[in-house]
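Subject: Structure handover, backbone notes

Hello,

Please find the structure below. My notes on the backbone follow it.

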Amino acid sequence: MTELTGTAPAAGAWHGGPPAEHTLRVRELIVEMCGSAGGGHLGGSMSLVEILVTLYRSTLRVDPRAPDAPGRDILLLSKGHGAIGLYAVLAERGFFPEEELAAYGQPDSPFSAHPNPAVPGVEMPTGSLGHGLPQGVGFALAARFDNSDRRCFVVLGDGELQEGSVWEAAMAAGSLGLGGLVAVVDRNTLQITGPTEDAVGLEPLADRWRSFGWTVREVDGHDIGALRAAFDAIPADADRPTVVIAHTVKGRGLPYIEGQTRSHFARLTERPKKRALSTLRAQYRKAAQA
């Protein structure tokens with residue numbers, strides 16, 4: 001294995017305080033970015049929070065002090081419109097100061113609507129859907145050729161699975177036996193035009209992945225304990241890639257928009273932004289007292 005520079009957290013351990021504190025802070029940062037003049041993809045970023053927090057706090061072998069270390073695990077956000085969720089998690093994890101997110105959406109800012117590799121911790125730009133998994137196949141093959149146990153995690157949206165390039169990559173990964181490749185599907189069942197099943201039906205989704213030679217795990221995508229258990233068990237088979245289908249709710253954390261297509265994109269003026277932040281904090285206090 002190529003060694004990481006600096007001290008990398010061990011995969012499987014939890015790094016930080018109580019998970020709810022991290023997820024609350026990440027959601028607050030997402031809301032703040034949606035309060036910018038250009039707004040942001042709110043609903044699909046909120047559905048990603050527990051997935052990304054678990055990956056960066058427990059699963060990935062990465063070091064915020066050395067984001068480009070050659071032996072690091074790779075994360076690709078193929079679901080590029082969830083970029084503000086990724087930026088929020090990277091900032092909260094310490095890759096760069098949270099204060100820098102105030103520049104989101106401004107001219108010449110590295111914090112754009114889709115992942116920008118100028119931001120520390122962002123590996124690849126993604127925008128057009130369906131590109132991340134093919135890139136992940138390339139990273140997994142490179143790790144094999146380098147005799148490295150570096151892993152590549154690709155986070156996909158479920159509407160994105162309507163892209164043919166995803167299934168071409170899935171077929172290749174299964175055929176090549178890329179055990180170091182992990183796909184994580186944010187299965188919130190909604191895309192910008194409505195329910196995914198009304199556009200191009202994806203079910204039975206687990207069976208589709210199995211047919212391409214993948215090991216399949218299905219979890220509650222908002223249950224950090226369940227996510228950790230699924231990620232810690234990877235790879236179940238060293239010669240098979242793994243997909244974790246994470247069942248989530250679009251707009252999670254804001255009950256008045258949860259599970260609604262209208263949460264997809266939001267420009268939050270001061271009043272709705274304050275309402276959203278107040279709602280998130282009230283939910284956190286209630287959970288802490290339970």
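T189 sits in the loop that links β3 (181–187) and β4 (190–191). Helices (H or I, at least four residues) and strands (E, at least two) are DSSP runs, numbered from the N terminus.

On provenance: this is a predicted model, in which local features need pLDDT of at least 70, side-chain atom pairs count only at pLDDT 80 or more, and totals for chains, interfaces and linings use all residues. Residues are numbered from 1 along each chain as its sequence is written, and side-chain values use heavy atoms, with hydrogens and water left out.

Positive phi

T189 is not a glycine, yet its phi is positive, at about 70°. The relative accessibility of T189 is 38%, and it counts as partly exposed, a class that lies between buried (under 20% relative accessible area) and exposed (over 50%), with a 1.4 Å probe and protein chains only.

D108, also a residue other than glycine, has a positive phi near 70°. D108 belongs to the loop between α4 (83–93) and α5 (132–145). With a relative accessible area of 83%, D108 is exposed.

P204 lies in the loop between α7 (196–199) and α8 (205–211).

The peptide bond that runs from I234 to P235 is cis as well, with omega near 0°. P235 is placed in the loop between α9 (224–232) and β7 (242–247).

Regards
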